[in-house]
Amino acid sequence: MNLNLSERILKHKAGNGKSKTISIILLVLLIISSYIFFFSSQLIFGKNYDYEASLPGTEMALDSSHKIKLVRSDIDDDKNLLEYEFEFTNTNYDSSDEYKININSVNKKGKITSLKHNVICSDSDLYVIRVQPPKKWNAISISVSISNDDMKLKSDKFYSDRNSLYSTVIKDESSREYFLKLDTKRNIEAIEKDIEQIVNDNISLELKIAEIDNSIKSLKEKMTYMTSDELKSAETELQKLKHDKSSFKTQIDSNKKEIKELRDNIGILESKL
């Protein structure tokens, strides 16, 4: 009986040794995977995720002759679908370029997921892709690379978050003509927003002019009872108010001209639809 007890104690100790070894191995693997995740996260989304969301119109130069422009970045929440449109430019026209796109998403917990994408329209000046992201994500990284026979692989990144994406209904369209018309409509929409902003600026300037008129009237009434020294100071203030009023009027006239030019541009764009 004593022998069996000794054997059981030895087996128990051996079992504990194996458990400790397995625990140490698992801990080491966890640490290694954490480091791999940490450094890969920094490579994709930057240190502390300090990326800057890319808005439509953002342009990046891979070198002196190759440029990439983000034309659109849309989201369809109902379909959980993203659509991006790029414009690739090669000012040298010296070779046939091959573009490669890699897309990753990251969620609140820092989990990075590699995403597949579908090329919907592929032209040098109009390149459209669609992406199905995970249901929960915080940011998207799109790495665009270029390579040809005469140059090494070069790449740059575009980033998106939900605030930077245009919320819309993404239609099942793939023709170049459809996307060109869509771009035209977006341009018109952007110009209309610019006009709205300028109109609001003019309203603010008109209010400032009204305030200046009131100040001028009040100051002139007070000048009737001022001493000669006070009048000199008041006259300086009066001239300043008149100058500010003139500057605001000039700005309003300039804004009105700009509004007219923008509306003319809308007319030109609408003729293309």
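## Strands, aromatic rings and cores

Strands β2 and β3 pair in the antiparallel sense, and 10 bridges hold between them. They belong to a predicted model, in which the secondary structure of the protein chain comes to three helices and 10 strands. Read from the N terminus on, the elements of the protein chain run α-β-β-β-β-β-β-β-β-β-β-α-α.

- The strands β2 and β3 form a hairpin with four residues between them, and asparagine 80, which lies in the turn, has a positive phi of about 50°.
- Within this pairing, lysine 67 stands opposite threonine 89 of β3.
- Strand β3 is also joined to β7 by five bridges, and these two strands run antiparallel; tyrosine 84 has isoleucine 129 in β7 as its bridge partner.
- Eight of the 10 residues of β3 are buried, and the strand is thus described as mostly covered.

**Aromatic rings**

- The count of aromatic pairs comes to six. In one of them, the rings of phenylalanine 88 and tyrosine 99 have their centres 3.9 Å apart and their planes at 10°, and because planes under 30 degrees apart count as stacked, this pair is stacked.
- Phenylalanine 88 is buried, with a relative accessible area of 5%. Its ring also pairs with that of tyrosine 127, where the centres are 5.1 Å apart and the planes stand at 55°, so this pair is tilted.
- One aromatic cluster is formed by Tyr84, Phe86, Phe88, Tyr99, Tyr127 and Phe158.
- Elsewhere, the ring of tyrosine 166 has the charged end of arginine 186 sitting over it, 3.7 Å from the ring centre.

- In soluble globular proteins, nonpolar side chains tend to be buried together.
- Here the largest nonpolar core has 22 residues, and Tyr84, Phe86 and Ile142 are those with the most contacts inside it. At least two residues of this core come from each of β2 (66–76), β3, β4, β7 and β8 (139–148).
- When residues up to four places away in sequence are not counted, isoleucine 142 touches Tyr84, Phe86, Ile101, Asn102, Ile103, Asp156, Lys157 and Phe158.
- A second, separate core has eight residues, including Ile191, Ile195, Ile266 and Leu269.

**The chain as a whole**

- The protein chain has 273 residues, of which 30% count as buried.
- Among the contacts in the protein chain between residues at least 6 apart in sequence, 66% join residues that are at least 24 apart.
- The accessible surface of the protein chain comes to about 18,400 Å², and 53% of this surface belongs to carbon and sulfur atoms.

Methods: Residues numbered from 1 in each chain as written. Predicted model: local features only at pLDDT ≥ 70, side-chain atom pairs only at ≥ 80, totals over all residues. Heavy atoms only, no water. Phe/Tyr/Trp six-rings, centres within 6.5 Å; stacked < 30°, edge-to-face > 60°. Buried < 20%, exposed > 50% of the residue type's maximum accessible area, 1.4 Å probe, protein only. Lys NZ or Arg CZ within 6 Å of the ring centre and 35° of its normal. Core = buried A, V, L, I, M, F, W, Y, C linked by side-chain atoms within 4.5 Å. Contact = heavy atoms within 4.5 Å. Areas by Shrake-Rupley, 256 points an atom, 1.4 Å probe, with all protein chains shown as cover. Pairing = 2+ DSSP bridges.
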